[in-house]
Amino acid sequence: MQTSWNENRITLHGRVAEAPGVSHVNHGETYYLFPLTVCRLSGAEDRLNAVIPESLLLRSPLAAGDEVSLWGEVRSFNNKSGLGSRLVITVFVRELRREQAEDENTLELAGTLCKPPVYRRTPLGRDICDMMLAVNRRYGRTDYLPCIAWGTLARRCGGLDVGSALAAEGRLQSRVYTKRIGEENQERTAFEISIMSMEVLERTQLQEGAWTFPRRAEAVL
């Protein structure tokens, strides 16, 4: 039984791409799903799936094209249907405000490395490292969040051991790829956390929340 919970905070500002539709019902509460588009500084656009409880949606109705800021956490779900991605990543919305502002996508996480990191180099010679971070919720569940790091940070991540406690800052991003299914190519979207800065923690720091997040200016990419 889990006795501690870890950090998981995301702030987004973007535009509602489609009106919310019913996602599921849990413990008598209906939840809705909608895609949110957020622009990067490069001009590329991330399309992120947000889940919002009906009680919050009734207070702040949403329509396609609305510009909003939202605050919540990144969650994972193991899709056993055999259709689409096996690991489903969404943003659970806890607060929402319709307003005009600069696009934003900032995420703070603290958790445990639960798989061996995979370090490699791209065909263009860039260093890259894939990781899976386990982040405990307050009430006994765990989210498994795919993370990616580049450059010097990737080389550092590649040397980490399973069980390492980490605090990281970054953004949640979407990536479209093509998968071969039988005789057909299917276009799919993967979601991952691009890490900008990271600190390796002692186990007691993770359990007690005794740390401060690394500043973005200190990241070496």
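Q: Which residue forms a salt bridge with Arg155?
A: Asp127 does, with the closest N and O atoms 2.5 Å apart. Arg155 lies in helix 2 and Asp127 in strand 9, so the pair ties together parts that are 28 residues apart in sequence. A salt bridge here is a side-chain nitrogen of Lys or Arg within 4 Å of a carboxyl oxygen of Asp or Glu. Helices (H or I, at least four residues) and strands (E, at least two) are DSSP runs, numbered from the N terminus.

Q: What kind of model is this?
A: It is a predicted model: local features need pLDDT of at least 70, side-chain atom pairs count only at pLDDT 80 or more, and totals for chains, interfaces and linings use all residues. Residues are numbered from 1 along each chain as its sequence is written, and side-chain values use heavy atoms, with hydrogens and water left out.

Q: Back to that pair. Is Asp127 buried or exposed?
A: Asp127 is buried, with a relative accessible area of 9%. Arg155 counts as partly exposed, at 44% relative accessibility. The cut-offs: buried is under 20% relative accessible area, exposed is over 50%, and partly exposed is in between (1.4 Å probe, protein chains only).

Q: How many salt bridges does the structure hold?
A: The structure holds 14. One of the pairs is Asp66 with Arg98, with 3.8 Å between the closest N and O atoms. This pair links distant parts of the chain, 32 residues apart: Asp66 sits in the loop between helix 1 (54–59) and strand 5, and Arg98 in strand 6. Asp66 counts as buried, at 17% relative accessibility.

Q: What about Arg137 and Asp143, how far apart are the closest N and O atoms?
A: They are 2.8 Å apart, in a salt bridge. Both residues are buried.

Q: Which residues are linked in a network of salt bridges?
A: Glu7, Arg9 and Glu108 are. The side chains of Arg9 and Glu7 also make a polar contact at 2.8 Å. That term means a pair of N or O atoms within 3.5 Å; within protein, one must be able to donate a hydrogen and the other to accept it, and residues adjacent in sequence count only if both atoms are side-chain atoms.

Q: Where is Arg9 found?
A: Arg9 is found in strand 1. At 41% relative accessibility, Arg9 counts as partly exposed. Leaving aside neighbours within four places in sequence, Arg9 is in contact (heavy atoms within 4.5 Å) with Gly72, Thr106, Leu107, Glu108 and Phe213. Gly72 is 63 residues from Arg9 in sequence, yet 5.9 Å away in space, C-alpha to C-alpha.

Q: In what sense do strand 1 and strand 5 pair?
A: They pair in the antiparallel sense, over six bridges, with strand 1 at residues 8–16 and strand 5 at 67–78. Two strands pair if DSSP finds at least two bridges between them. Gly14 stands opposite Val68 in strand 5.

Q: How many bridges join strand 5 to strand 6?
A: 11 bridges join them, and the two strands run antiparallel. Leu87 in strand 6 is the bridge partner of Asn78.

Q: New topic, helix 2. Which residues are buried there?
A: Gly151, Leu153, Ala154 and Cys157 are buried in helix 2, residues 151–158. They cover an arc of only 130° around the axis, which puts them on the same side of helix 2. The arc is that of the directions from the helix axis to the C-beta atoms.

Q: What do the buried residues of helix 2 pack against?
A: They pack against strand 8 (118–121), strand 9 (127–136), strand 10 (142–150) and strand 12 (184–201).

Q: Where does Ser174 lie?
A: Ser174 lies in strand 11, residues 165–181. At 14% relative accessibility, Ser174 counts as buried. A polar atom of the Ser174 side chain lies 3.1 Å from the backbone nitrogen of Arg47.

Q: Last one. Which residue has a positive phi although it is not a glycine?
A: His27, with a phi of about 55°. His27 is found in the loop between strand 2 (21–26) and strand 3 (29–39). At 79% relative accessibility, His27 counts as exposed.
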